[in-house]
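The following exercises concern a single protein model. Each task is followed by a solution in steps.

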Amino acid sequence: MNQEEFLAIVGMAGRFPGAPDTVRFWHNVSNGVESLGGSGYGVIEEADGFDAAFFGYSPREALMLDPQHRVFLECAWAALEDAGIDPATCPGAIGVYAGGGDTGHFGTLMANRASFPGVSEWQLRLSAGADFLTSRVSYKLGLTGPAVTVQTACSTSLVAVHLAGQALLAGECDVALAGGVTVRVPAPTGEFGDEGVLSPDGRCRAFDAGASGTVGGDGAGIVVLKRLPEAIDDGDHIYAVIRGTAVTNDGSGKMGFTAPSVAGQAAAVRAAHVVADVDPATIGYVEAHGTGTPVGDPIEVRALAKAFAEGTGQVGFSVLGSVKTNIGHTDAAAGVVGLIKAALALRHELIPGTLHFRSPNPELGLEDSPFLVSAEPVPWPRGAAPRRAGVNSLGIGGTNAHAILEEAPAAEQSGAGRPVQLLPLSARAPAALRTAAARLAAHLAEGDVADAERATAGLMDADGADVGLADAAWTLQTGRRAFAHRAFVVAGDRAQAVRALRDPGLALGDGAAAPGVAFLFPGQGGQHVGMGRDLYEQEPVFRAEVDLIADLARPSLGLDLREILYGGAPQAAAEMATMRIGQPALFAVEYATARLWQSRGVVPEVVLGHSLGAYAAAVIAGVLSPADALALVLERGTLLGRLAEGAMLAVPLPEEQVVRLAGDRLSVAAVNSHDQTVLAGPAADIASLRERLAADGVDARVLRISAAAHSRLVEPVVARFEERVARTELRPPSITWISDRTGLPVTAEQACDPAYWSGHLRHTVRFADALTTLLDGSSRVLLELGPGRTLGTLARKHPGAGPGVVTVPSLPHPGDPAGAAPTMLAATGRLWQAGVAVDWTALHEGERRLRVPLPGYPFERRGFRLEPPAPVTASAPTPREVPVEAVEPTSAGAFHSAGTERALAEAFGEVLGMEPGELTPHDDFFDLGGDSVVATQVVSLIRRSVGIELSPKALFLAPTVHRLARLIEEGQAA
């Protein structure tokens, strides 16, 4: 059979009695844990809990929303995270197929009408209607594929899986969520359903001679499906493969509407076998409907046996199981819960035992059937032939569903990764972010097995790199939504990652602003042998650009820059200190670093270079080609190298004081900040001045530059350099390029004028002025692209730098033991933390990465529960009045400001279900969960209670209390 017709389960999520997620669920069922607690009903924890703010609901809306819709929303998000899919970046359409139970929530809402003043019955129906289960998920998660709500009673969720699979195979969507939910709040405490259905002692004994009925329970389950070939190509984690599904109905051939039918059930099972193209003898496990009722179990087993007999005569080879013995019958969720159990059994190579099974119900006829039941877990290892399982689900009324699962293809070996990895985390709130970090640390710590075991399992490459960590990084980078509050760690192995994630000093950032980026290119002084070495070894983009510059420079230099930088050439350090070699080497590294950043999606909106750094800045600004820029750098280095011996001195004093110290022989070469000035001139004069300053207690520092650039000593070569520039093609800047000579953006005329370039070689570098322009009213991240962090330090010290200015170094200082690759990876994380978009795929260029299951979002739930209605009194409570206080009109449209804001806050809170203390004057009404319908209610309440003529349009123009109050006072709200 063609794999094109198979589906892959690439993600799953659920809430179950005794288990908040699928990990705990598997632990319970595989260890024989009963999660009914003797209550006679399977209750899920925090059934009334919901992270309303995460999904953009106001407290009032959350209280109105059916609890099972709330649970299903959270599970849908968790399932996509488990699959490593962010709907915002998923290239294809995502569909949703699911259904829920009949919980009577609309009746509860109607009985509590007094809690929702101004809310119409239509709005209550929207909050409780089963029709809106899947479309609500699509709306809140931004899914554009089909949203189909399914209702076939107890078989609902497995029918939803069938329909989702059909949609995938037909091309109606590229990813599908499929599942179901039944959640009752509060949980039932008494019996429900027909007599003879419920177990009298609150235990479900499926297939057992003592079976006396089923037990109800709440639950939710969702699987994420993709077409199998695409899942393999995308490197998805595959829990199991669905080879085929089928759905039938009993029709009228049974005793009554609620009675089961052997023929109808058998037809569904056999059809699934045919669709899946499997021999029933290869199915080693069947997760049955298995309700534990005296009538239902025998009919189901006879139906299964009838279907199997059409394909094989073997007996006793397939294990029967029923998850209902662990958690009860979860109604609309039952089928997908069984599917999740079967998929996990395939993954973990273990068939869980059936609880409370002692001896088989004689009515089953197991001795002559293909089936056996085991109270103990049955090992189910991989073998020569693929292992397969069937999942059966039956609905009252006769809609039967069956699915055939197969073990996932052998796990693909993940490719080798970089030696260090970047793990990003984000959340909507700081507390949730810390919880996410703790969960990830625990997950990585649990998976950190011995090196030998990891190598055997394919988790390590031949060089010892932690491949598992690389896949975790990939999943976090590409399969998670980026929220405002962000953190990251850079680590070489899981142990390092765990320590960093558990560090109390883990930096939390707010990246909501999405600022622009400025590239800052330093001048000569920080260059050193080996700068960017590991980037050259590990990053193809960086290596290609360094190679380009080295190849272009070789004819002029008569040597290979790569030998100086990375090859261990004799006298490399001495060569690097010269103007002739040091300048093109620094240019090569800065230019290659810039291109590497651009390949990662970090594109500057402004560039600024300091002295020599202006040439790399000009390339990125589009003024010079790399080859032309290099030619000018080579000429510049040669000319400066021929000058009389000179030196440069950094003096920690303001320019006006340094000018007086310069005299006639020294020049002010650079003004880097209000208290940092550089002098240049003859080496002997620089040495003499340094001694005088030291005697006065001024710590001046001689720079590692062998020529007196930007001084009078340069004047003999200015004309020669200008002639060389005149032979170069110059273009106007394509992005803003701030001049370190004028302190202002370079104009098109300046960029194309050779005299500007020769003047740049001779005159003072006015970097402090350039920073004034750069920092004026901007929220840019300042990214330094050379070795060290000199320019970033100057920017932070600048008077125009606010407290939130972010400066990020790309490469380490020469004395920093950290390599360039970890430094740049940390810089990538810092940029992302500040809100800069990053192309994560570029971090793994040339690698084969796989998605892996990781802990999902830590929802911050609060309880939303409607208590049973109070006894009816003579008169129903009236909606709370909004106090007028000081907002009575004093003249046409004139109101007291504070009173207006208080009245509006009361109205906002009334409709959104928020207490006044929870609302600030600057909270956006629509961010709090408001919409056009609720806006109309607010306007109506304000009109009625306060007497203000307000149009709904006003709330859209001014969605906060403060802004709306101003609009009212200005008489523009009507």
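**Exercise 1: A strand hairpin**

Strands β23 and β24 are joined in a hairpin by 2 residues. The model is a predicted one, in which local features require pLDDT of at least 70 and side-chain atom pairs pLDDT 80 or more, while totals for chains, interfaces and linings use all residues. Residues are numbered from 1 along each chain as its sequence is written, and side-chain values use heavy atoms, with hydrogens and water left out.

Task. Determine in which sense β23 and β24 pair, and over how many bridges.

Solution. 
- Step 1. Strands (E, at least two residues) and helices (H or I, at least four residues) are DSSP runs, numbered from the N terminus. Two strands pair if DSSP finds at least two bridges between them.
- Step 2. Strand β23 (residues 667-673) and strand β24 (residues 676-682) pair in the antiparallel sense over 5 bridges.
- Step 3. Within this pairing, Ala670 is placed opposite Val678 of β24.
- Step 4. Because 7 of the 7 residues of β23 are buried, the strand is largely enclosed by the rest of the structure.

**Exercise 2: Salt bridges**

Task. State which parts of the chain the pair Arg481 and Asp86 ties together.

Solution. 
- Step 1. A salt bridge is a side-chain nitrogen of Lys or Arg within 4 Å of a carboxyl oxygen of Asp or Glu. The structure holds 39 of them.
- Step 2. The side chains of Arg481 and Asp86 form such a bridge, with an N to O distance of 2.7 Å.
- Step 3. Arg481 belongs to the loop between α15 (467-478) and β18 (485-491), and Asp86 to the loop between α3 (67-82) and β4 (94-100), so the pair ties together parts that are 395 residues apart in sequence.
- Step 4. Arg481 counts as partly exposed at 23% relative accessibility, whereas Asp86, at 7%, counts as buried.

Solution. 
- Step 1. Asp236 and Lys226 form a salt bridge whose closest N and O atoms are 2.7 Å apart.
- Step 2. Asp236 lies in the loop between α8 (228-233) and β9 (240-249), and Lys226 in strand β8 (residues 219-227), 10 residues apart.
- Step 3. Elsewhere, a network of salt bridges links Arg418, Asp471, Glu539, Arg600, Glu847 and Arg849.

**Exercise 3: Nonpolar cores**

Solution. 
- Step 1. A nonpolar core is a set of buried Ala, Val, Leu, Ile, Met, Phe, Trp, Tyr and Cys residues joined through side-chain atoms within 4.5 Å.
- Step 2. The largest has 106 residues, and those with the most contacts inside it are Phe519, Phe587, Leu624, Trp737 and Trp757.
- Step 3. Contact means heavy atoms within 4.5 Å. Apart from neighbours within four places in sequence, the residues in contact with Phe587 include Ile549, Tyr615, Val619 and Leu630.
- Step 4. A second, separate core has 68 residues, including Ile44, Leu133, Val224 and Ala437.

**Exercise 4: A parallel sheet and its helices**

Task. Give the strand order of the open sheet of 5 strands and explain why one side of each edge strand lacks a neighbour.

Solution. 
- Step 1. The order is β26-β21-β20-β27-β28, with parallel pairing.
- Step 2. β26 (736-738) and β28 stand at the edges with a single partner strand each, so one side of each is left without a neighbour in the sheet.
- Step 3. Strand β20 (residues 517-521) runs parallel to strand β27 (residues 781-787), joined by 4 bridges, and Val517 has Val781 as its bridge partner in β27.
- Step 4. Axes are lines fitted to C-alpha atoms, for helices over the stretch in contact, and angles run from 0 to 180 degrees between N-to-C directions. Helix α21 lies across β20, β27 and β28, at about 140° to β27.
- Step 5. Helix α29 (residues 767-775) touches β20, β21 (606-609), β26 and β27, and its direction makes about 170° with that of β21.

How values were computed. Buried means under 20% relative accessible area, exposed over 50%, partly exposed in between (1.4 Å probe, protein chains only).
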